[in-house]
Amino acid sequence: MKSLLITNIAQLVQVEQTPRDAVRGADMAQLPIMEHCYLLAQGDKIKAFGPMSEAPATADSVIDAQGGMVLPSYCDGHTHIVYAGSREHEFIDKIRGLSYEEIAKRGGGILNSAKRLHETSEDELYQQSEARIYEMISYGTGACEIKSGYGLTTEDELKMLRVIKRLKENTPMTIKATFLGAHAVPAPYKGRQGEYVDLICNEMIPAVAAEGLAEYIDVFCDEGFFTCEETARMLKVGAEYGLLPKIHANELAVSGGVQVGVEHNAVSVDHLERMTEVEIEVLRQSSTIPTALPGTSFFLNLPFTPVKEMMAAGLPVALATDYNPGSTPSGNMKFVLSLACIKMRMLPAEAINATTINGAAALGLSASHGSICVGKQANFYITKPISSVDYIPYAYTQNIISRVVLNGEEVTL
Ligand code: NIG
Ligand code: FE
């Protein structure tokens, strides 16, 4: 197995002796940092780290960090990056005053992307999605979740999930796949939403499971989309086929989605722009990871998720991009960090915990990703020399990354 040694690291950030499943509440303000270090990878795993004075003399390859920092790669637990084309004309509609719901009602939004995806070949879709993966890697992300949900027919949902499978096999990103047939009601089922839910339960979920194409199931449980009853039904069938829930909840209204997710042991409930104390209490009694998507609030001018209240209640908050063509055309986790600090008043340390260990938890990857820990995946990035970790969200448009290592190998940026 090949070894890779990183020398002269000014600060090694988010080090752990034993992996934690998540970082909760007040603990999120703590970020373990080691000064003047080396880091050794062997094969695709982290083998050792410690003071520079104890660094091994040599390795198969050596990278001099030149006084930069090393941080674990971001874990982005919520994306929709398999899509065709883009939707900037809806961006103009939004600037002119239409809301996300109004655009969706006119057949824009998700249905617009579904039409484009249907007309795009699987290979073309793969090429476009692969480019987004490498874009995310260049911003420091090493693991992500990708959802289907722009197919909305059995055939096109499978097409999306097969693209995700190819991305898993052919790129250095660690990827989890989520089946999101219940993203919107497709045009032919307008007025017959129940029948579309039947199709998901009776045909789509079994077909996805038969090909082993997804780990998770998602439902857009919100006002104007799917009800709590419909969500419960789909999650129940999903569970019968081994799909764990990761759901869209409380983006547009206090939808009851948090409760349905928790009742069905969701790995995460995501968005949460509209929360009350009731939802926070329900989450406190669960192991579900609440995931905030501040890029969406920023882009759609929605309220920001009340993460301070959630952390005060002891919750392990995660952050993700929601990278998609409609509500967040950005896969930049560093910008998410900045938004979390600037708009949601998270401390940099809290935001870094939310994008690393808690992001990994939202992906079901806390044993292998999200920190610098012996035995974990060797996924990290080296920064240019910077004054402190707080500088990362502070310098909110500056690219501070100099090199990226995934699975123990440097990725050419
Ligand atoms: O997470 N809320 C639902 N789905 C996406 C948006 C998808 C789209 O507009 O294409 C989201 O924001
Ligand atoms: Fe989303």
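This is a predicted model: local features need pLDDT of at least 70, side-chain atom pairs count only at pLDDT 80 or more; totals for chains, interfaces and linings use all residues.
Student: Where do His78 and Asp322 lie?

Tutor: His78 belongs to the loop between strand E6 (74–76) and helix H1 (88–95), while Asp322 belongs to the loop between strand E13 (318–319) and helix H12 (333–344), so the pair ties together parts that are 244 residues apart in sequence.

Student: Are those two buried or exposed?

Tutor: His78 is buried, with a relative accessible area of 0%, and Asp322 is buried as well, its relative accessible area being 1%.

Student: I was also looking at His271; where is that one found, and what is it in contact with?

Tutor: His271 is found in strand E11 (residues 268–271), and, leaving aside its neighbours within four places in sequence, His271 is in contact with several residues, including His78, His248 and Asp322. Among the others in contact with His271 are Ala249, Glu251, Thr291 and Thr305.

Student: Why does His271 count as buried?

Tutor: His271 has a relative accessibility of 1%, and buried means under 20% relative accessible area, so His271 counts as buried.

Student: Switching to the loops, where is Asn332, and what does Asn332 touch?

Tutor: Asn332 has its place in the loop between E13 and H12, and, not counting residues up to four places away in sequence, Asn332 touches Tyr139 and Thr321. With a relative accessible area of 18%, Asn332 is buried.

Student: Now the helices: how do H12 and H13 cross?

Tutor: The axes of H12 and helix H13 (residues 348–355) come within 9 Å and cross at roughly 140°, and that makes H12 oblique to H13. H12 passes H13 in a right-handed crossing.

Student: Which residues make that contact between H12 and H13?

Tutor: On the H12 side they are Met333, Leu337, Ala340 and Cys341, and on the H13 side Pro348, Ala351, Ile352 and Thr355. By class, the residues of the contact of H12 with H13 divide into 7 nonpolar, 1 polar and no charged.

Student: And what about H4 and H5, at what angle do they cross?

Tutor: Helix H4 (residues 122–138) and helix H5 (residues 154–170) have axes that come within 10 Å and cross at roughly 50°, and H4 and H5 are therefore oblique to each other. The crossing of H4 and H5 is right-handed.

Student: Which residues meet there, and how do they split by class?

Tutor: Glu122, Asp123, Leu125, Tyr126, Ser129, Glu130, Ile133 and Tyr134 in H4 meet Lys159, Arg162, Val163, Arg166, Leu167 and Asn170 in H5. The contact of H4 with H5 has 6 nonpolar, 2 polar and 6 charged residues.

Student: Last one: where is Gln14, and is Gln14 buried or exposed?

Tutor: Gln14 is found in the loop between strand E1 (3–13) and strand E2 (33–42), and Gln14 is buried, with a relative accessible area of 0%. Not counting residues up to four places away in sequence, Gln14 touches several residues, among them Arg20, Pro72, Asn353 and Ile372.

Student: How far apart are Gln14 and Gln128?

Tutor: Gln14 and Gln128 are 114 residues apart in sequence, and in space they are 33 Å apart, C-alpha to C-alpha.

Conventions
Residues are numbered from 1 along each chain as its sequence is written. Chains are lettered from A and ligands numbered from 1 in the order in which they are written. Side-chain values use heavy atoms; hydrogens and water are left out. Axes are lines fitted to C-alpha atoms, for helices over the stretch in contact, and angles run from 0 to 180 degrees between N-to-C directions. Helices (H or I, at least four residues) and strands (E, at least two) are DSSP runs, numbered from the N terminus. Angles under 35 degrees count as roughly parallel, over 145 as roughly antiparallel, 65 to 115 as roughly perpendicular and the rest as oblique. A crossing is left-handed if the near helix is turned anticlockwise from the far one by less than a right angle, and right-handed if clockwise. Contact means heavy atoms within 4.5 Å. Ala, Val, Leu, Ile, Met, Phe, Trp, Tyr, Cys and Pro count as nonpolar, Asp, Glu, Lys and Arg as charged, and the others, Gly among them, as polar. Buried means under 20% relative accessible area, exposed over 50%, partly exposed in between (1.4 Å probe, protein chains only).
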